[in-house]
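Here is a short briefing to read alongside the coordinates.

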Amino acid sequence: PAWLRRLCGQLLSQRLMRPHGLQAVVRGIMEGTGGELGGTDAEAAAVDWRKCDAIAKILASCPQQCLSLEDYYKHVCPQILDLMHIQDKLTARQFQRVATTTLLTMAKEHPQLAEKHLLQPLLTPLLRCSDA
């Protein structure tokens, strides 16, 4: 029903805008991924990739409840970059897939905002090294 979809969207939006909210959402969706189907590793990997793509599409879409696209990117993009620093190996692989797919999706849909909030912070250390 429409009211449930709206409520879920509102709750998801509120969670994403909180500190570490994006990580909690990704962790909640990805929980249980990997070998749960009883199939081959290739089947589990395909399911994993499909989940990562679905999560990336959700994260790249600005929620209706957000004040502006700029505001959404300002809050969510640093959290996307934080996904690349997870220490646990299995979790890190999944989170990095989500982060890179989200980054690519955002860069295609809104290149200026993605450059400002994702690419520049990601490349700043490299640029510092090349300037020295």
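In helix 2, the residues G21, L22 and Q23 meet V76, Q79 and I80 of helix 4. By class, this contact brings together three nonpolar and three polar residues, with no charged ones. Please keep in mind that the model is predicted.

**How the two helices pack**
- Two packed helices are described by the angle between their axes and by the distance between those axes.
- Helix 2 spans residues 21-30 and helix 4 spans residues 69-82; their axes are 8 Å apart and form an angle of about 60°.
- Angles of 65 to 115 degrees would count as roughly perpendicular, so helix 2 and helix 4 are classed as oblique to each other.

**The chain as a whole**
- The secondary structure consists of six helices and zero strands, giving the order α-α-α-α-α-α from the N terminus on.
- Of the contacts with a separation of 6 or more, 65% join residues 24 or more positions apart.
- The chain has 132 residues, and 33% of them count as buried.
- Its accessible surface comes to about 8,300 Å², with 59% belonging to carbon and sulfur atoms.

**A closer look at S13**
- S13 sits in helix 1, which covers residues 2-16.
- Is S13 buried or exposed? Its relative accessible area is 8%, so S13 is buried, the cut-off for that being under 20%.
- The S13 side chain reaches the backbone oxygen of G9 at 2.8 Å.
- Beyond its neighbours within four places in sequence, S13 is in contact with P63 and Q65.

Notes. Residues numbered from 1 in each chain as written. Predicted model: local features only at pLDDT ≥ 70, side-chain atom pairs only at ≥ 80, totals over all residues. Heavy atoms only, no water. Helix = DSSP H or I, 4+ residues; strand = E, 2+ residues; numbered from the N terminus. Buried < 20%, exposed > 50% of the residue type's maximum accessible area, 1.4 Å probe, protein only. Contact = heavy atoms within 4.5 Å. Areas by Shrake-Rupley, 256 points an atom, 1.4 Å probe, with all protein chains shown as cover. Axes fitted to C-alpha atoms, helices over the stretch in contact; angles between N-to-C directions. Parallel < 35°, antiparallel > 145°, perpendicular 65-115°, else oblique. Nonpolar A, V, L, I, M, F, W, Y, C, P; charged D, E, K, R; others polar. Polar contact = N/O pair within 3.5 Å; in protein donor to acceptor, adjacent residues only side chain to side chain.
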